[in-house]
Amino acid sequence: MYCPSCENYMDEGLKYCGRCGMFLNKRSEQIVHLSNNFAWMWRRSWAGFAAAFIGWIIALGISRMIGGNINPFLNSMFSGMICGVYLGTAGGIFEESAYKAFLGGMLGTIGGAVGGFLNIPLIHALSGFNYSFPVSFLVTWGIAGMLIGSASGIVERSLKKALYGSLFGLAGGALGGFLGSLFYASVAADFNIESWVAKRAVEGISGGIVGAMLWFFIGIIEKLYIFNRKEVPNIDSKVCDRCKTHNSLRFWYCSNCGYPLQTAAPRQKIYTVSYTHLTLPTKRIV
């Protein structure tokens, strides 16, 4: 048997792992499974925060430079495109996939452009409402999040998964846009910030809130549904359901037709290098 926490091989019937001390039963497997799922969502969220933090500072900086030279609608749309690119590429960069980064960035650009174009008329339409600014950004980043969230389902070649991704992206983007704008407005109202660095930090954090919420919601649906695979313990290769090609256990998509492989191998079968082999040889002292 293998320890669900550190993958150390243990004899059957033992109660604790001799390597990490984890108790060995069904509950320990469930705990590790939940921990892995949460870690996935947490890393996604931090990736979104970092991407949006940078994107917001750049977009708002460019907006201030060109704001007096172009139409406000175009300025808002252009800013939305820049922020959308950073938001959309976060998932692909996190997975080190140029394809997913390009697809997400393209969808983020479109969503940011549409949301940015609608932002100004929404603010004017809701001018008598106390929360006109947060609500307008709720709509703006809800639209962008809807398109960004569909990227994972598109990669999986499933209209249903793309729809679910869109719904969770809509919810995450809308909530992030609302909370991010509230944060920015409350800091601007309560603190008289003079420092250039502090002002940029506030802008970045407000955008980071949008990215964190968006990718946390997308991470939930990705882990629990879109990228969910059925784990099969005793397999030596992954057989494509569509073309019956045998693929490596490390593959998630068929190397022949690109169709998503619906099975997952246990982590123990994928690791080919044991922990002991990772240690450097020590110099022998005579």
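**A cavity and its helices**

Trainee: Which element gives the largest share of the lining of the largest cavity?
Mentor: A cavity is a set of 1 Å grid points, over the protein atoms alone, where a 1.4 Å probe fits but cannot get out; lining residues have an atom within 4 Å of a point. Two or more lining residues come from each of α2, α3, α4 and α6. The largest share is four residues, and they come from α4.

Trainee: How far can I trust the details?
Mentor: This model is predicted, so local features need pLDDT of at least 70 and side-chain atom pairs pLDDT 80 or more, while totals for chains, interfaces and linings use all residues. Numbering runs from 1 along each chain as its sequence is written, and side-chain values use heavy atoms, without hydrogens and water.

Trainee: What is the volume of the largest cavity?
Mentor: The structure holds one cavity of 30 Å³ or more. Volume here is the space filled by probe spheres set on grid points, joined across faces, edges and corners. For the largest cavity, that comes to about 100 Å³.

Trainee: Which residues lie nearest the centre of the largest cavity?
Mentor: Its lining has 14 residues. Those nearest the centre of the largest cavity are K100, A151, S152, W215 and E222.

Trainee: In what order do the elements run from the N terminus?
Mentor: Helices (H or I, at least four residues) and strands (E, at least two) are DSSP runs, numbered from the N terminus. The protein has seven helices and four strands. Its C-alpha trace spans about 70 × 55 × 40 Å along the principal axes. From the N terminus, the order is α-α-α-α-α-α-β-β-β-β-α.

Trainee: How far apart are the end C-alpha atoms of α3?
Mentor: The expected span of a helix is 1.5 Å times one less than its number of residues. With 28 residues, α3 should span 40 Å. The model agrees, since the end C-alpha atoms of α3 are apart by 40 Å.

Trainee: At which residue does α2 bend?
Mentor: A bend is the angle between axes fitted to the seven residues ending at a residue and the seven starting there. In α3, a kink of about 30° lies at N119, shortly before the proline P121. In α2, the bend is about 25°, and it falls at G88.

Trainee: Which residue forms a salt bridge with R44?
Mentor: A salt bridge puts a side-chain nitrogen of Lys or Arg within 4 Å of a carboxyl oxygen of Asp or Glu. The whole structure has seven salt bridges. In this one, the closest N and O atoms are 2.6 Å apart, and the partner of R44 is E222.

Trainee: What is the phi of K244?
Mentor: Most residues other than glycine have a negative phi. E96, which follows α2, has a positive phi near 55°. R157, in the loop between α4 and α5, has a positive phi near 60°. K244, in the loop between β2 (238-239) and β3 (246-247), is not a glycine either, and its phi is positive, about 65°.

Conventions:
On a 1 Å grid over the protein atoms alone, a cavity is a set of points where a 1.4 Å probe fits but cannot get out, and a pocket is an open set with protein on both sides within 12 Å along at least five of seven lines; lining residues have an atom within 4 Å of a point.
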